[in-house]
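Subject: Structure handover

Hello,

Here is the structure for your files. The notes on what was found in it follow below.

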Amino acid sequence: MQAAERGFQIGVMFRREHPVKYVQEFIRLAEKTGFDEVWLVEDCFFTSGIAAVATALACPAQIPIGLGIMPGVARNPAFTAMEIATLAGLYPGRFLPGIGHGMPEWMKQIGAAPASPVKALEEITTVIRALLRGETVSFDGQYIHLDRVRLEFPPEVVPPISLGVRGPKSITMAGRTADGTILAECASPAYIAYARGLIAQGQPDRQAHRLTVYTFCEVDDDAQAARDRLRPLIAPIIASGGIHSQIAPLGIVPQVDALLAEGGAARLEAEMPDEWIDQLAVVGTPADCAAALQRMAEAGADSIVFIPPMEQPEQWISGAASRVLAAL
């Protein structure tokens, strides 16, 4: 089934851990297999997002390439706009840029941690979008200061700017400021619907807002075996405490806290109910996975991006992931 028929896009991530020299081979396989998008990641201190995306877009393919996400505070926004405009001009309609706060520890490590990450990202997004529209921008904000800056080559097809954010203030700001939002892995349908509501609060005057959702995906004819493979991935993420805002709409925070108090991440991994895994990932038989994707789309996801396993992602795309696509 094509994206137009099913009503949402399905993408796959080229993980930060994989050498970028393999990205074009990965993209050709993803397009051949039937994926709609490929998403790359920029994390400190792996691969440059812009250079990797340029390499990916140069691949003789038509599949769109997303970048989720660039830490906004790590670059001057005028130069970020220049880089986005250059790629969007070379490959109209194929580049989907994403910007985010950046991991706080990493931003402190490079001396780029703002006192107010939400305000900084809002200012950055505002000026980048204006520059891409060809405007002359003078801006004197709390973090960003531009004096009559204008791009000489703004793109004819302006790409949508998505923000990779998690908490309620940031998601509302994304609705107010950006063209889209990117949600990290372990986003349940309940959290997707919650994010959609926050986006709507921030964008009373705009209709279109692209919601991209990353997800783990494990497929097996034995659904329990698939869940058990995800347990050691999901439990540490929950145990870190960084996704409380994501799991809160499921109403499971008290149970999570109790399990962690009793035995930490190991206890959580061993005893978290299967139902939690079913909500926080695309998992089970091909039919189970197809149903999970439909629930995410019905909750408001426009694009759902699979995170492949660390080992042998190409084999996973050709095997397990293709079975899910065929089940839709």
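Helices (H or I, at least four residues) and strands (E, at least two) are DSSP runs, numbered from the N terminus. This is a predicted model, in which local features need pLDDT of at least 70, side-chain atom pairs count only at pLDDT 80 or more, and totals for chains, interfaces and linings use all residues. Residues are numbered from 1 along each chain as its sequence is written, and side-chain values use heavy atoms, with hydrogens and water left out.

Leu 280 belongs to helix α12 (residues 274-280). With a relative accessible area of 1%, Leu 280 is buried (buried means under 20% relative accessible area, exposed over 50%, partly exposed in between, with a 1.4 Å probe and protein chains only). Not counting residues up to four places away in sequence, Leu 280 touches Cys 186, Ala 187, Ser 188, Ile 234, Ile 238, Ile 247 and Leu 250; contact means heavy atoms within 4.5 Å. Between Leu 280 and Gly 66, which are 214 residues apart along the chain, the C-alpha separation is 22 Å.

Cys 186, one of the residues touched by Leu 280, sits in the loop between β8 (180-183) and α8. Its relative accessible area is 0%, so Cys 186 is buried. Cys 186 also has a positive phi of about 70°, although it is not a glycine.

Other backbone points

Most residues other than glycine have a negative phi, and most peptide bonds are trans. Arg 148 is a further residue other than glycine with a positive phi, near 55°. Arg 148 lies in strand β6 (residues 145-149) and counts as exposed, at 62% relative accessibility.

There is a cis peptide bond between Cys 44 and Phe 45, with omega about 0°; Phe 45 is in the loop between β2 (37-40) and α3 (49-57). A cis peptide bond also joins Gly 68 and Ile 69, with omega about 10°, and Ile 69 is in strand β3 (residues 65-71).

Helix packing

Two packed helices are described by the angle between their axes and the distance between the axes. Axes are lines fitted to C-alpha atoms, for helices over the stretch in contact, and angles run from 0 to 180 degrees between N-to-C directions.

For helix α7 (residues 168-177) and helix α8 (residues 189-202), the axes come within 7 Å and cross at roughly 55°. The two are therefore oblique to each other (under 35 degrees is roughly parallel, over 145 roughly antiparallel, 65 to 115 roughly perpendicular, the rest oblique). The crossing of α7 past α8 is right-handed; a crossing is left-handed if the near helix is turned anticlockwise from the far one by less than a right angle, and right-handed if clockwise.

Thr 172 is in α7 and is buried, at 17% relative accessibility. Its side chain reaches the backbone oxygen of Pro 168 at 2.9 Å. Leaving aside neighbours within four places in sequence, Thr 172 contacts Leu 198, Gln 201 and Gly 202.

Helix α9 (residues 223-239) packs with helix α11 (residues 253-271) at an angle of about 155°, the axes being 9 Å apart. That makes α9 roughly antiparallel to α11. α9 passes α11 in a left-handed crossing. On the α9 side, the contact residues include Arg 231, Pro 232 and Ile 238; Ile 238 is also among the residues touched by Leu 280.

Regards

Terms used. A polar contact is a pair of N or O atoms within 3.5 Å; within protein, one must be able to donate a hydrogen and the other to accept it, and residues adjacent in sequence count only if both atoms are side-chain atoms.
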